[in-house]
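Subject: Structure handover

Hello,

Please find the structure below, followed by notes on what was found in it.

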Amino acid sequence: MKVKVSVDEDLCTGCGNCYDLYPEIFEDRGDEISKVKDELGGNGAILEGELAEKAIEAAEDCPGEAIIVKIIE
Ligand code: SF4
């Protein structure tokens with residue numbers, strides 16, 4: 001499976017769940033709002049395998065419904 005992942009900065013509340021639980025995918029952009037890590041390609045990054053599964057879990061757990069995951073393959 002391959003997914004495209006991004007964080008909608010307008011919906012993110014800065015709760016920190018995603019970058020606390022999945023620091024391999026998300027990071028605090030500097031003001032507690034989350035973003036996909038630059039080393040993965042930033043928002044809009046394409047993830048595969050275990051990272052893709054974790055991104056889906058993070059999206060399901062996000063209280064702001066701010067994590068957008070699109071399955072592309
Ligand atoms: S879990 Fe959702 S609301 Fe919380 S920091 Fe991450 S993207 Fe933002």
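Two strands are taken to pair if DSSP finds at least two bridges between them. Helices (H or I, at least four residues) and strands (E, at least two) are DSSP runs, numbered from the N terminus.

This is a predicted model, in which local features need pLDDT of at least 70 and side-chain atom pairs count only at pLDDT 80 or more, while totals for chains, interfaces and linings use all residues. Residues are numbered from 1 along each chain as its sequence is written.

The chain has 2 helices and 5 strands, in the order β-α-β-β-β-α-β along the sequence.

Strand β1 covers residues 2-7. It runs antiparallel to strand β4 (residues 45-48), joined by 4 bridges, and Val3 stands opposite Leu47 in β4. β1 also pairs with strand β5 (residues 67-71) in the antiparallel sense, over 5 bridges; here Ser6 stands opposite Ile68.

Of the 73 residues in the chain, 23% are buried.

On overall dimensions, the C-alpha trace spans about 30 × 25 × 20 Å along its principal axes. The radius of gyration, taken over C-alpha atoms, is 11 Å, which agrees with the value near 11 Å for a compact globule of 73 residues; the globule rule is 2.2 Å times the number of residues to the power 0.38.

Regards

Notes
Buried ≥ 20, exposed ≤ 12 C-beta atoms within 10 Å, placed from the backbone.
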